[in-house]
Amino acid sequence: MSIFVPGMRCPLCEKTMCAEDDVVSFAPIIENCEDELFFANDATFHRKCLEKHPLFQLLEKRNNIYMSIARLPFKKRCECVFCHKVVTHPDDYEPLGFFTYDPVSPLYALNYRGYHRTCLQPGIFPKEIIVALKAIQDTKEIAPGKIADLLARTTASKAEEAK
């Protein structure tokens, strides 16, 4: 979460925030600086200012998706999406970040999850995940290059498929 220090300025109204103010803080959950919600990445606001913002409901939806994972017990929150074992060493953990708001999408279960770096191998994703990743490759909510990198690392080359 963003660190709140009394005396900070609200990024929306630019007035000082005090200890007794009702403030809202966000974790660094918006990866792409081109995302319209990037203004809230790792930031703190007066609640009344944020609730007036035209993107408040969308931001709240994104934060709820993140918090649904963040509130899980450690063993579930840090479970590798591929091998389903807990990632215990931080150097071996690779976060996936945000993919979609659509709970019906096969990518929804990957939102804000992670994996062991060694588990990301060609052929690891089912075909429906590959298709869904390709469909959202150029959306502004996704960090540039993230999906291309995932596809490159998980899609077997023609030479590998022939083996």
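Hi everyone, this is a short tour of one protein chain, from its overall build down to a single residue.

Before we start, this is a predicted model, where local features need pLDDT of at least 70, side-chain atom pairs count only at pLDDT 80 or more, and totals for chains, interfaces and linings use all residues. Residues are numbered from 1 along each chain as its sequence is written, and side-chain values use heavy atoms, with hydrogens and water left out.

Let's begin with the fold. The chain has four strands and six helices; these are DSSP runs, with helices being H or I of at least four residues and strands E of at least two, numbered from the N terminus. Along the sequence, they come in the order β-β-α-α-α-β-β-α-α-α. The C-alpha atoms fill a box of roughly 65 × 30 × 25 Å along the principal axes.

How much of the chain is buried? Of its 163 residues, 39% are, where buried means under 20% relative accessible area, taken with a 1.4 Å probe and protein chains only. As for contacts, meaning heavy atoms within 4.5 Å, 56% of those with a separation of 6 or more link residues 24 or more positions apart.

Now let's zoom in on E79. You'll find E79 in the loop between α3 (74-77) and β3 (93-95). Why does E79 count as buried? Because its relative accessibility is 15%. Leaving out residues up to four places away in sequence, E79 touches H84, K85, V86, R113 and G114. With one of these, H84, the E79 side chain also makes a side-chain polar contact of 3.3 Å; that term means a pair of N or O atoms within 3.5 Å, where within protein one must be able to donate a hydrogen and the other to accept it, and residues adjacent in sequence count only if both atoms are side-chain atoms.

Definitions and conventions:
Buried means under 20% relative accessible area, exposed over 50%, partly exposed in between (1.4 Å probe, protein chains only).
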